[in-house]
Amino acid sequence: MEDIVERAARDLMNSKYAIALTGAGMSTESGIPDFRGPDGLWTKHPELEFQAYRMYDEFKVNPKAYWEERLNPEGWIWSFFEGLKKGVKPNPGHYALAELEQMGILKCVITQNVDELHQEAGNRNVIEYHGGLSKFRCDSCGRRFHRDKIDLERLKREDKLPPYCDCGGAIKDDGVFFGEPIPGDVLQNSQQEAWGCDLMLICGTSAVVYPFASLPELARTRRSGRQTTRDLDLYAIQHVPSTVIIEVNAEPTPLTKSGISDYIIQGKTGEILPRIVQEVRRLRGLR
Ligand code: NAD
């Protein structure tokens, strides 16, 4: 284990533009269940997964009914959005990624999490691929609103749900529902980051939710390294993949099995990431 932790630390130190991709596994040690891990929400309550898949279509058809259910404290949507962060704090894994950014090594975090714990831990450049809990978003024009700017309880009392944007579109949670397109700005910025990075550190994601899971594939196809071989009459230029892809996850994922990632460090992000940072500090001290 020490060898592979040191390898990751060295790879990070040798990188010019490292980014992290994170998923729900990053926050389980903060007390937020993931969806598909052994204690995941879907694993324990498969019926909720089915309901979640229908949510966006239902919102499109009847946004008023969505908001009425969303504001019902007995409902699971309410407990997901309102209960998710109650008393929750970033864990050592979040702080490790923040420290890598402060060291100048990590340039960006692209997270699937809506819990905003990366920002709370200190990361400045965070792309929220599936939105953030403290925001709402117009489903038509994509404009975002801080949640404090919309008084949902008043709208409910006055029977004026759903909230509407100036453009006339219905406003929803910023969190991206299943079947909902990823907002264009987010899609573009993350593709740019994935294409431009030379190291991708993928933490706590089962990598089965698309299009997020296509970002490592995009990074893998980036080939800028050229290796020239000359052997007698044979002169060949080989294009060598130039992005290092490292996974830190409790279990192997499709990225591990398909060889998209170069290697996996299997274990808890809250334990492994701080060890990688500690190793970077040690190696920097040796320089
Ligand atoms: P997922 O539930 O599909 O997969 C989580 C992965 O992390 C699993 O492979 C699991 O084994 C692993 N894992 C769990 N705890 C870990 C730990 N401590 N250390 C290392 N690995 C650990 O999650 P996903 O891939 O992020 O996809 C699910 C979707 O659910 C995402 O779109 C995300 O938006 C959403 N979600 C977000 C939150 C949150 O904001 N915290 C919570 C639940 C779900």
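Predicted model: local features only at pLDDT ≥ 70, side-chain atom pairs only at ≥ 80, totals over all residues.
Reader: Why is I265 called buried?

Author: A residue is buried under 20% relative accessible area, exposed over 50% and partly exposed in between, judged with a 1.4 Å probe on protein chains only. I265 has a relative accessible area of 1%, which is why I265 is called buried. The residue sits in strand β11, and it touches M1, I4, V5, A8, I246, E247, V248, N249, I272 and I276, leaving aside residues up to four places away in sequence. To touch, or to be in contact, is to have heavy atoms within 4.5 Å. Although I265 and A8 are 257 residues apart along the chain, their C-alpha atoms are separated by 8.8 Å.

Reader: How do you know that β2 is paired with strands β1 and β3?

Author: Strand β1 (residues 18-22) is joined to β2 by five bridges, and the two run parallel, with V109 of β2 as the bridge partner of A20. Strands β2 and β3 pair over three bridges, also in the parallel sense, and here T111 has E128 as its partner in β3. Strand β2 is mostly covered as well, since five of its six residues are buried.

Reader: What makes the link between Q112 and T205 a polar contact?

Author: A polar contact is a pair of N or O atoms within 3.5 Å; within protein, one must be able to donate a hydrogen and the other to accept it, and residues adjacent in sequence count only if both atoms are side-chain atoms. The side chains of Q112 and T205 make such a contact at 2.9 Å. Q112 lies in the loop between β2 (106-111) and α7 (117-121), and its relative accessible area of 12% is why Q112 counts as buried.

Reader: Why is N123 called buried, and which side chain does the side chain of N123 meet in a polar contact?

Author: N123 has 1% relative accessibility, so N123 counts as buried. Its side chain makes a polar contact with the side chain of E101 at 2.9 Å, and it also reaches the backbone nitrogen of A98 at 3.3 Å. N123 lies in the loop between α7 and β3 (126-128).

Reader: What makes a residue count as near the ligand, and which residues come nearest?

Author: A residue is near a molecule or strand if one of its heavy atoms lies within 4 Å of it. Of the 27 residues around the ligand, A24, Q112, H130, T205 and S206 come nearest. An N or O atom in the side chain of S206 is 2.5 Å from an oxygen atom of the ligand, while the corresponding distance for the side chain of N249 is 3.0 Å.

Reader: How do you know that helix α3 (residues 46-61) has about its expected span, and where is its kink centred?

Author: The expected span is 1.5 Å times one less than the number of residues. Helix α3 has 16 residues and reaches 24 Å from its first C-alpha to its last, close to the expected 22 Å. A bend at a residue is the angle between axes fitted to the seven residues ending there and the seven starting there, and α3 has a kink of about 40 degrees, centred on M55. M55 is one of the buried residues of α3.

Conventions:
Residues numbered from 1 in each chain as written. Heavy atoms only, no water. Helix = DSSP H or I, 4+ residues; strand = E, 2+ residues; numbered from the N terminus. Pairing = 2+ DSSP bridges.
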